[in-house]
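Let's take a walk through this structure together. Keep the picture open beside you and look up each residue as we get to it.

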2 protein chains.
Amino acid sequence: MKLYELSGADDEIRFSPFVIRIKMALKHKGLDFDAIPIKFNDKSLIEPSGVKTVPVIEDNGKWLGESWDIACYLEDIYPDKPSLFGGEMGRHQAKFINSWSDAVLVRGLFPIIVADIITHFTPEDREYFIPLREKLLGMKISDTPKIRDKTIPKFNSSLTPLRTMLKSQPFICGPNPGYADYSAFGPIQWARIASPVELIKEGDPVYDWRERMLDLFSGFARSSKLGY
Amino acid sequence: MKLYELSGADDEIRFSPFVIRIKMALKHKGLDFDAIPIKFNDKSLIEPSGVKTVPVIEDNGKWLGESWDIACYLEDIYPDKPSLFGGEMGRHQAKFINSWSDAVLVRGLFPIIVADIITHFTPEDREYFIPLREKLLGMKISDTPKIRDKTIPKFNSSLTPLRTMLKSQPFICGPNPGYADYSAFGPIQWARIASPVELIKEGDPVYDWRERMLDLFSGFARSSKLGY
């Protein structure tokens, strides 16, 4: 199994929130994989997949992109390995939680950490990335740290559903984690790798959950190289 | 099975978002029940339950409150009836979606519809309800319609995770609904019963989902009496 993912100028700084989901899913399934770094402005390695975004996997000659599709592929092709969804109703509910994670976590974290993210890029990737994202943000990336007094409290408040739930169970999926946890952890770990801003404080149930996620698979995610 | 729920001055106007979840869950399980109206300022009928909020059920001499606990009770005591959760991972993910529904839907809808809600109350219930809620809101209930230009767009934007997911599946739980759907439908139906404000427009995937929810169980929720 090959997994293609974005890296910074330093090949070991690997921050894509969508790839992190799949790395955790591969560990959950107990599948070995080679993680291969690519850059924003050179995606030739993933061309056979037909998609232009990471993650992309190559498994027994099959190419596949889109983190949700990959998670479903892993569940269906490796049904004897630990389940990511716990059945069909679990899979569909995970899709909702994945949508929540995209709409609330990825989108909420982006303006907070983007100024830090770009410091890890190659000059070519900065040139590729900045104009597109500034158009989406409607502001200069260099101005985003100035509005953290608004973006950080808004992000923290958006964690309420996760925070409340974590008071009665250790993971979104129950006593043990599943894909819904990996889906939410992806963006949280993205922020942890890319930015020194401490968004989630000790004492917060979300902090404890993140610690549990970092401990999984012998500290797999904890061992990721941080960009600062 | 007896189900205790709040009603307006008109006994047939029954709007509690938390009760609606349980009514849908009871229909899902195919269980018959008597729905008994109570008022905010007279909760003597539910005293044996030890809780002060609806829903409360009385089933074979057992009293139970809190919608989430009731849903779990129904799943565990009636395992041969259609499942609400589809397994343990599904149950725990539903807890997250239930938290999301509380934090985002109930809390987001409240300031939009509260001025309409209180029109349905008895004078005694208004007296009981208004001071407590105005303290929570930090404003006069009579002023809340004036900020709908802010509260309605904010609510609509908070539906993004549901809206996005509904583009690929008809219900949160997949091809068929489950408790996660009822959990989200409770507050949406609360707003539909209590307020004439049209929050969800035709053409929105959330509108189509609501229509499907209203159609379930021979149009059970569609037949609820509206307060306007």
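Before going on, some housekeeping. This is a predicted model, where local features need pLDDT of at least 70 and side-chain atom pairs count only at pLDDT 80 or more, while totals for chains, interfaces and linings use all residues. Residues are numbered from 1 along each chain as its sequence is written, chains are lettered from A and ligands numbered from 1 in the order in which they are written, and side-chain values use heavy atoms, with hydrogens and water left out. The model scores ipTM 0.97 and pTM 0.97.

Now look at where the two chains meet. Contact here means heavy atoms within 4.5 Å, and 31 residues of chain B are in contact with 31 residues of chain A. The size of an interface is often given as the accessible area lost when the parts come together. Buried area is just that loss (1.4 Å probe), summed over both parts; between chain B and chain A the area is about 2,400 Å², with carbon and sulfur atoms giving 69%. On the chain B side, Met89(B), Gln93(B) and Phe96(B) lose the most area to chain A, together 31% of what that side buries.

What kind of pairing do we find here? A salt bridge is a side-chain nitrogen of Lys or Arg within 4 Å of a carboxyl oxygen of Asp or Glu, and the count between chain B and chain A is 0. The structure does hold 30 salt bridges over all chains, so let's visit a few, remembering that side chains of opposite charge can pair when their charged atoms come close.

In chain A, Asp11(A) and Lys39(A) form a salt bridge at 2.7 Å, N to O. Asp11(A) sits in the loop between strand E1 (2-6) and helix H1 (17-28) of chain A, and Lys39(A) in the loop between strand E2 (34-38) and strand E3 (56-59), so the pair ties together parts 28 residues apart in sequence. Helices (H or I, at least four residues) and strands (E, at least two) are DSSP runs, numbered from the N terminus. Asp11(A) is partly exposed at 35%, whereas Lys39(A) is buried at 17%.

Another salt bridge joins Glu75(A) and Lys29(A) at 3.0 Å, N to O. Glu75(A) belongs to helix H2 (residues 67-77) of chain A and Lys29(A) to the loop between H1 and E2, 46 residues apart. Glu75(A) is buried at 10% relative accessibility, and Lys29(A) is buried at 1%.

Arg14(B) is buried, with a relative accessible area of 13%.

Finish at His120(B), in the loop between H3 and helix H4 (123-137) of chain B. Is His120(B) buried or exposed? His120(B) is buried, at 10%. Leaving aside neighbours within four places in sequence, its contacts include Gly8(B), Phe15(B) and Ile193(B).

Key. Buried area is the accessible area (1.4 Å probe) that two parts lose on being put together, summed over both. Buried means under 20% relative accessible area, exposed over 50%, partly exposed in between (1.4 Å probe, protein chains only).
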